[in-house]
Amino acid sequence: MANIAVARIKREFKEVVKSEEAAKCAIKVELVDNNFTELRGEIAGPPDTPYESGTFILEIKIPETYPFNPPKVRFQTKIWHPNISSVTGAICLDILRDQWAAAMTLRTVLLSLQALLAAAEPDDPQDAVVARQFKENYEIYVKTAKHWSYKYAGAPNRTPELDSKLKQLADMGVDEHRARVALSSCDWDLARATETIFS
Amino acid sequence: MADKRKTRNDKTGEDGCSLKSDLPSSQFPSTELETEGYDCDFVEQFPEKFQCSICLLCLRDPCQTSCGHRFCRSCILRWLRSKGYRCPEDQQPLDEESVFPDNFAKREIESLLIRCPFKSNGCNEEYQLRSNKVHMNVCKFRLELCPQGCGESVTKENFEEHIHQTCKRHLIECKYCLHLVERESIKGHIKECPLRPYPCPLCQKLLTNEQQLRHVETDCQKAMVFCMFHQLGCDQTMERHELALHMQESTQKHLRLLCTATSALQEQVHNLSPPGHSVKASQPPSPLSKLMGLALKSPTAADNPEYMAKPSVSGAGLSLPLPAEATQQFSPTVVELNELARKTVRLEQENREMQLKVQSMSVLMAQTQAELTSARSQLSTLDARCCNGTFYWQVKNFSTINPVEHSSGFYTSYHGYKLCLRINVSHSRAPAATLSIFVHFLKSENDTLLAWPFSGRIVFTIVDQDDDAARRENIVEPLVADSKLEAFQRPTTRRNPKGFGFLDLVSLACLGTRNYLLHDTLLLKVTVIPSTTA
């Protein structure tokens, strides 16, 4: 990697570690390898959102041309969000694409992602299924997002009513995650989900 | 990889302060757009207003945008060129013309105090950023990468020492094979060097591994060896250097062993030979039995003193791999056959030798023949040259000669004209037949010395070969050369096709008279006298 990228990431790394947000445990970065090309980010689910109390892990890859090109960021923690793929964790966020500016840093990226969790943009979706649910059945979306946060991001269980449906599918021998995806995609309609799985 | 490079640069000081543009000799020549801000150890943290928000370092060649943000010159230009024309800070549209050098900031930044990048090596200097280049040239603690590529960094002062004492890439001569080997591998090399000598465990002589392989077997003086007569029963063992002494001291013992062994061998041979054919001493030994006696060492042959004198004659060479009974039954035949085979071989050998002799003889003969031929031709040439223009030609078997005959060549003098005679005889037209005689000029090596056309006189003579010189009546016909004739021009072929002479010198009838033909041999004489001017 070009010198400038390394030098910058080193400084940004320090910046994040020393930042107020880190002090409040809202954001965090860790090194994955020693050459600063790959980092592991962490953001706390913002309060008053379905992601509250969850901890979301991000995979951050620094291109050689950084900071002239944005870092490549992806959610490692599975999340139910219109702008984040529930399958791959890919993020749809303008500053990670064409609106990137060299003055942005790891800190601003992490904070922007946190803001994205708080303010989804269903009109510019990454995951069409989630976006549709968000728009057409917001309450179910909130429940689902809470359930995913509980299952994958370590948030408390605020939707125990969904567990029984999952269990029913599980009893049929369906893999838990597969069952969850099917139920989430079918607005927790057990019959439709079953059909999706077995057809 | 990139990170390693970076670390190394930090150590060397080439880039220790990210002052690449100050040090054009850097091993990573940087273009304008690849030089980020100053990454120095500032004595006091530089104010945030001097931080480039692109490289997050202290501004190098600071520039200010029309929207009021500062960047390193190279950072902002690179950004604008790669990502489109907007400010990285506030996303406002921005082009290169709206970016201006900020020399005020530059002066302030260059006045900031920094610490020498080699502080960790003991340099406690603090100086203004702008003096960095000057300091780098004098700093005693500045590390440079070893040029031999060992990866170590050393100060100038310690450089020699490093090369000669620690650099792992430095080439050191192996004291055994004299190859140059890197210091890093020299220890391993010496261990495995094929020319490294080790002491022989027995005699302590220093030898390479390869030499040691055979040393103990063949020449280690301390190696334990058996006596040479071990197989005959001498069971003494000793170090090799004692062997000679033992051989000398135990000669008698060894002879005894040899004797015993020989008798045992005789006994064995005797057991192999057929009982019916053992030769009785009283009988006069037939040639066959004599042979057998020698070949099979039958005990009766012990009478033969010659046999006794030559105990080393071994029967083993003749014994055939036949079962014992078969040997008994057929051995005379076998012996005869063996003898015949030997004879055949001997004869073949002799034959071959003879053939070779004959071959070499015939080669010699051919050579001699050739030499003789060449000598003869030389002699005749000499003859021809020395005749001084008077040439005799004995035409033998005249009555049966060809219609046209040419003589051999002759010279008018040693360096003179070369000619030959031609006679035409038409026996068929007898009795009106006549003898024609001509001279022909021949091409010779003298031609270039001579005057052409030839002028002079030619005298033909048919010699009367009467025994009584007084009664001889030669036929003599002189001629004067006519230089206009083609016959007297310089010959262009081996022999001038045109001749000069008499078409009807004499009739064959006339030749029959007197003694012109003696024993059917005609003797012709020609004298060619070139005119003195020639």
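How many salt bridges are there between chain A and chain B? The count is 1 salt bridge, a term for a side-chain nitrogen of Lys or Arg within 4 Å of a carboxyl oxygen of Asp or Glu.

## Before you start

Welcome to this predicted model, in which local features need pLDDT of at least 70 and side-chain atom pairs count only at pLDDT 80 or more, while totals for chains, interfaces and linings use all residues. Residues are numbered from 1 along each chain as its sequence is written, chains are lettered from A and ligands numbered from 1 in the order in which they are written, and side-chain values use heavy atoms, with hydrogens and water left out.

## Where the chains meet

The salt bridge joins the side chains of A:Arg11 and B:Asp39, at 3.4 Å from N to O. On the side of chain A that touches chain B, there are 11 nonpolar, 6 polar and 5 charged residues. Here Ala, Val, Leu, Ile, Met, Phe, Trp, Tyr, Cys and Pro count as nonpolar, Asp, Glu, Lys and Arg as charged, and the others, Gly among them, as polar.

Chain A brings 22 residues to the contact and chain B brings 21, where contact means heavy atoms within 4.5 Å. About 2000 Å² is buried between the two chains, and carbon and sulfur atoms give 54% of that area. Buried area is the accessible area (1.4 Å probe) that two parts lose on being put together, summed over both.

## Chain A and its helix α7

Chain A has 8 helices and 4 strands, arranged along the sequence as α-α-β-β-β-β-α-α-α-α-α-α. Helices (H or I, at least four residues) and strands (E, at least two) are DSSP runs, numbered from the N terminus. Of the 199 residues in chain A, 52% are buried; buried means under 20% relative accessible area, exposed over 50%, and partly exposed in between (1.4 Å probe, protein chains only).

Helix α7 of chain A spans residues 176-185, and its buried residues are A:Ala179, A:Arg180, A:Ala182, A:Leu183 and A:Ser184. Their cover includes α4 (128-136), α5 (138-153), α6 (163-171) and α8 (190-198) of chain A.

## Chain B at a glance

Chain B has 13 helices and 24 strands. Buried residues make up 35% of its 534 residues. Among contacts in chain B with a separation of 6 or more, 44% are between residues 24 or more positions apart.

Look for B:His135 in helix α4 (residues 132-138) of chain B. B:His135 counts as buried because its relative accessible area is 9%. Leaving aside neighbours within four places in sequence, B:His135 is in contact with B:Cys116, B:Cys123, B:Glu125 and B:Tyr127.

Next, find B:Ser483 in the loop between β21 (475-480) and β22 (500-507) of chain B. B:Ser483 has a relative accessible area of 34%, so this residue is partly exposed. Not counting residues up to four places away in sequence, B:Ser483 touches B:Pro453, B:Phe454 and B:Gln489. B:Ser483 and B:Gly456 are 27 residues apart in sequence, and their C-alpha atoms are 8.9 Å apart in space.
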